[in-house]
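Let us read this structure one feature at a time.

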Amino acid sequence: MGEITTLEWKEGELVLLDQTILPNKVAYVVCKNLEDVYRAIQTMIVRGAPAIGVAAGYGMVLAAHAYKGEKGDSFFRYMKEKGEYLKSSRPTAINLMWAVDRILEKMEKRRELSLEDLKREVESEAVAIHEEDKLTNRSIGEKLLRLLKDGDTVLTHCNAGGLATSGYGTALSVFYMAQEKGMKIKAFADETRPRLQGANLTAFELAQHGVDVTLICDNMAALVMSQGKIDAVIVGCDRVASNGDTANKVGTYGVSVLAKYFHIPFYVASPISTIDMECAAGSEIPIEERSWDEVLCIHGEYIAPREIKTYNPSFDVTPAENITAIVTEKGIVYPPFCDNLKMIMGK
């Protein structure tokens, strides 16, 4: 993201770009304890499954440093309780659970260490999660680029770029890899109601990098597809079930239906850490419901009667049959997903 950094671990504190005020203002929030990280995730100061996972790792570090008791089972119980608390901040993104569990598993393997050494191991593992995410995103971008040709135009929904990760992004990484290789790949970005991540974040991010991007309202996707303007759809995801069903920002399901109707390939960019082999199908993925005010208000101004009822699921599930391929850092996975996801996950 050039000079704009999504998240940084600096002198024992987590510094987060406040994504709730983009694109009009660039400011940072400093998380000094676990509660700060919890609030940052819940209020979407930090968002995007990979970035949430990285932030959760550092949240566990802050929890560990705050512990003042003795070494032993009490420390492990304390860390598990803090991990469960952190997991409750947003239920859909599996990277959050994955990062917390990875920290706890590392602790279990190093039980023999002193308390201070254990705390250092927690921090080392969080830093490793952060660094691995950067390499993962670049690898995904390289593989996505193999599916496109010079001059293609890609439609994307929500934001799965550098702002949602430690760098490059998942779905948006293809545009940055294209630039590095001298290819011209254009973007169409859905605005993504109700939080407008496509308008506020994706359009901002791509424009900052000099990508040719066109912003459209969510209800224009069918029209631009019918006009032959779209060569492929690439989206990120918050959880992939073992059968290939995929949860992503609400509205993704509808885009997948349109892509299937117009015979446009629909690709999901997913780190291995976002694939949940314990989840059999999309019907088992918990779907977060958020506050009414996200639907009724834009930038603090009501756009509908205050007393009107609202329904605000933050995600929907795209069925596997609508997905052309799932692109991971380890390779491109094609149907049948039940079999091929097992292979790439080594299950």
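Q: Take strand β4, residues 153–156. Which residues point one way and which the other, and are they buried or exposed?

A: This is a predicted model. In β4, Thr153 and Leu155 point one way. Val154 and Thr156 point the other way. All are buried.

Q: What holds strands together in a sheet, in general?

A: Backbone hydrogen bonds pair them, in either a parallel or an antiparallel sense.

Q: Which strand do four bridges join to β4?

A: Strand β5, residues 186–190. The two run parallel. Val154 has Ala187 as its bridge partner in β5.

Q: What unit do β4, α6 and β5 make, and what is its hand?

A: Together they form a β-α-β unit, and the unit is right-handed.

Q: How many bridges pair β4 with strand β7?

A: Two bridges, again in the parallel sense. Strand β7 covers residues 232–235. Here Val154 stands opposite Ala232.

Q: Now the helices. At what angle do the axes of α5 and α6 cross?

A: At roughly 75°, and the axes come within 8 Å. Helix α5 spans residues 115–145 and helix α6 spans residues 173–180. Angles of 65 to 115 degrees count as roughly perpendicular, so α5 is roughly perpendicular to α6.

Q: Which residues meet where α5 contacts α6?

A: From α5 come Asn137, Arg138, Ile140, Gly141, Glu142, Leu144 and Leu145. From α6 come Ser173, Val174, Met177, Ala178 and Glu180. By class, the contact has six nonpolar, three polar and three charged residues.

Q: There is also an open sheet of four strands. What is its strand order?

A: The order is β11-β8-β9-β14, and the pairing is mixed. An edge strand pairs on one side only; here these are β11 (275–276) and β14 (315–318).

Q: How does β8 pair with β11?

A: Two bridges join them, and they run parallel. Strand β8 holds residues 239–241. Val240 stands opposite Ile275 in β11.

Q: Last, Asp101. Where is Asp101 found, and what is its relative accessible area?

A: Asp101 sits in helix α4, residues 94–109. Its relative accessible area is 28%. Buried means under 20% and exposed means over 50%, so Asp101 is partly exposed.

Q: How far apart are Asp101 and Gly57, in sequence and in space?

A: They are 44 residues apart in sequence. In space, C-alpha to C-alpha, they are 9.4 Å apart.

Note on methods. Residues are numbered from 1 along each chain as its sequence is written. This is a predicted model: local features need pLDDT of at least 70, side-chain atom pairs count only at pLDDT 80 or more; totals for chains, interfaces and linings use all residues. Side-chain values use heavy atoms; hydrogens and water are left out. Two strands pair if DSSP finds at least two bridges between them. Buried means under 20% relative accessible area, exposed over 50%, partly exposed in between (1.4 Å probe, protein chains only). Axes are lines fitted to C-alpha atoms, for helices over the stretch in contact, and angles run from 0 to 180 degrees between N-to-C directions. Angles under 35 degrees count as roughly parallel, over 145 as roughly antiparallel, 65 to 115 as roughly perpendicular and the rest as oblique. Contact means heavy atoms within 4.5 Å. Ala, Val, Leu, Ile, Met, Phe, Trp, Tyr, Cys and Pro count as nonpolar, Asp, Glu, Lys and Arg as charged, and the others, Gly among them, as polar. A crossover is right-handed if, with the strands pointing away from the viewer, the path from the first strand over the helix to the second runs clockwise.
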